Structure formats: structure tokens, C-alpha cells
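Please look over the sequence and the model shown here before reading on. The paragraphs after it lead through the fold step by step.

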Amino acid sequence: MARVHVIANQKGGVGKTTVTVNLAAVVADTLGGTADNSPVLGVSTDPQASMLEWAQRVGDDLPFDFEQCHDNPALLGKLREIQQYSHIFVDTPGSLEDESILQTVLTQADDVIVPLEPEPMAFSPATRSIQRVIEPAGVPWRVLLNNWDPRDGEGDLNQTRDYVQARGWPCFHTVIRHYKLHTRASAEGVTVVQYAKNRVALEARQDFFKLALEVLGSGGGSPRHAGPDDNAGNGGPDNGDGGNGVTAPGKG
Ligand SMILES: Nc1ncnc2c1ncn2[C@@H]1O[C@H](COP(=O)(O)OP(=O)(O)OP(=O)(O)O)[C@@H](O)[C@H]1O
Ligand SMILES: [Mg+2]
């Protein structure tokens, strides 16, 4: 049974699609598999379908399987029943109009990654999303600081960390830095694992490998939603924190 990781924030342009594609890519690249048998599925539930366009530009080099399913409610509400993958990474819409899609997908989530840009202007729509939709879903979630440009200094980053901490929000240790490579990747039809082999590209890629380590956690695999029929070898439903290293909201 797959672990379903949902990337969500109803604020547009915070990096949901960037994180979904590149995280799925590094996990697929690390876990191996073949073109016919990938351990990772990427899913777009966003009617804007920017992940679909990106995936089409990457073509056969896409290291994970891909499904666009915003208009397929039957599949949206059944992601956890998909059998053949280890991990499913789900991109979600960046708009309030599509809230029902997000709510449906959250019923399928093992954990939720909430990208947030270190920009004080971005805080209030993200806060609304967390308080009204993500937290009530009762699924472990963590904020991910994305698109921080070290050339801007640490002021905004620290202010954002303070804001997150003051609310008791769980947060990834990893920060995804701003790189032009990431901004251009979709148009150029590449994911982070296909960037050129130079120092900057390695640094850019490293952020996603660090994030993957945190997301997969030391236990690495137990689905939170494993049912009574699915307890062979994965710890079943009652294994404490689920082995996924995600801090439950309010306990961090
Ligand atoms: N770490 C980063 N470094 C450089 N550019 C980034 C980074 N993260 C996101 N971007 C850029 O910011 C823009 C918005 O990112 P993205 O499309 O992933 O956000 P989104 O949350 O999926 O948006 P929407 O809500 O519209 O779906 C894109 O141009 C993307 O390339
Ligand atoms: Mg998007």
C-alpha cells in the first residue's frame, strides 16, 4: 500500500507543483524501479494542470508515473487504494474555489506538506488554509519553507520561522532555496534529477534529497491508514507515530 503525501496551500504560487515534481523525482530516483515499474506515482488534482504540462515536457525521462485527475472524483477519493506504488505525491490547487478537491484529497493523505515562502505577505492566506482546511483534516502536516534566496539574507527567513514557531506549527528542518534552475525546469522539461552535473545543480538537488529524507523518515514506509488486512510487515495501523517521522500538529 502506498503512502500518500499531499502538497497543499491554497495560496497560489508558493511552490506546490515545484515541490511535488522534484520530491517525487528524487524519491523515484533513489528507490529505483524501471520505466514499466516505478515505485512512485505523481498525481495532479489541480484543474490548472501545470504539473501535467511539466510532465509532458519531460516525457519519457519522467522518473515517476503520472496521473492528472482533477476531473475524476472517483479516483481522487480512492488514492489510498492504489496498490502498486510505495509513494504517491499529490499536487493540489492553489485556489479557494477548488476547496472541495483539496478536502477530498486530504481524506486520502498520510501526511501533508505545506509550502510557505519566507515572505510576510504570504502568511495570511497560508494561515487560513492551515486553520480551516488542513488542520481540521486530522492528518499530520508540516510547513516547508520554500524559495528562500540566501542573497536576501536571513531576515525574512527568521521572521517566517518565528511566525511558524509562534503558532506551534510543525516545520521541516530543510529549507528549499531559490534557484533559477528550479524556476526554469518546467519550461525546459527537466526535473531536479536531470539537472546538469555542476556545483549549483548539485546544491539545488541536495535540498530535495534532504527534504525526501525528512518526509520518508527513519522508518521509511508505514502507511498511517494501513487497515487490518494490510498489517503484514508494515507495522499496521497502531505503530505509534506511523514510523513516518511526522510530528502531529499541536505536539511539536
Ligand atoms: N525553490 C524555488 N526556486 C526557484 N523558483 C521557484 C522555487 N519554488 C517555486 N518557484 C517558482 O515559483 C513559481 C510558482 O511555483 P509553483 O508553480 O510550483 O507554485 P504553486 O504553488 O504550484 O502555484 P499554483 O498555486 O498556481 O499552482 C514558479 O515559477 C516556480 O518555478
Ligand atoms: Mg501548482
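What follows goes from the sheet to the helices and then to the ligand.

This is a predicted model, in which local features need pLDDT of at least 70 and side-chain atom pairs count only at pLDDT 80 or more, whereas totals for chains, interfaces and linings use all residues. Residues are numbered from 1 along each chain as its sequence is written, and chains are lettered from A and ligands numbered from 1 in the order in which they are written.

The sheet is open and has seven strands in the order 3-2-4-1-5-6-7, with parallel pairing; strands (E, at least two residues) and helices (H or I, at least four) are DSSP runs numbered from the N terminus, and two strands pair if DSSP finds at least two bridges between them. At its edges lie strand 3 (65–68) and strand 7 (176–177), each of which pairs on one side only. Strand 1 (residues 3–7) is joined to strand 5 (residues 111–116) by three bridges in the parallel sense, and His5 has Asp111 of strand 5 as its bridge partner.

Two packed helices are described by the angle between their axes and the distance between the axes. The axes of helix 1 and helix 2 (residues 50–58) come within 10 Å and cross at roughly 40°, where axes are lines fitted to C-alpha atoms over the stretch in contact and angles run from 0 to 180 degrees between N-to-C directions. Helix 1 and helix 2 are therefore oblique to each other, given that angles under 35 degrees count as roughly parallel, over 145 as roughly antiparallel, 65 to 115 as roughly perpendicular and the rest as oblique. In this contact, Thr17, Thr20 and Val21 of helix 1 meet Ser50, Met51 and Trp54 of helix 2 (contact requires C-beta atoms, placed from the backbone, within 7 Å).

With helix 8 (residues 199–216), helix 1 packs at an angle of about 80°, the axes being 9 Å apart, which makes the two helices roughly perpendicular. Asn22, Leu23, Val26, Val27 and Thr30 of helix 1 form this contact with Phe208, Phe209, Leu211, Ala212 and Val215 of helix 8.

Around ligand 1 there are 18 residues, of which Gly12, Lys16, Thr17, Thr18 and Gly94 come nearest; a residue is near a molecule if its C-beta atom, placed from the backbone, lies within 6 Å of it. Helix 1 (16–31), strand 6 (141–148) and helix 7 (180–188) are the elements that give two or more residues to this shell, and helix 1 gives the most, with three residues.

Conventions: Contact = placed C-beta atoms within 7 Å.
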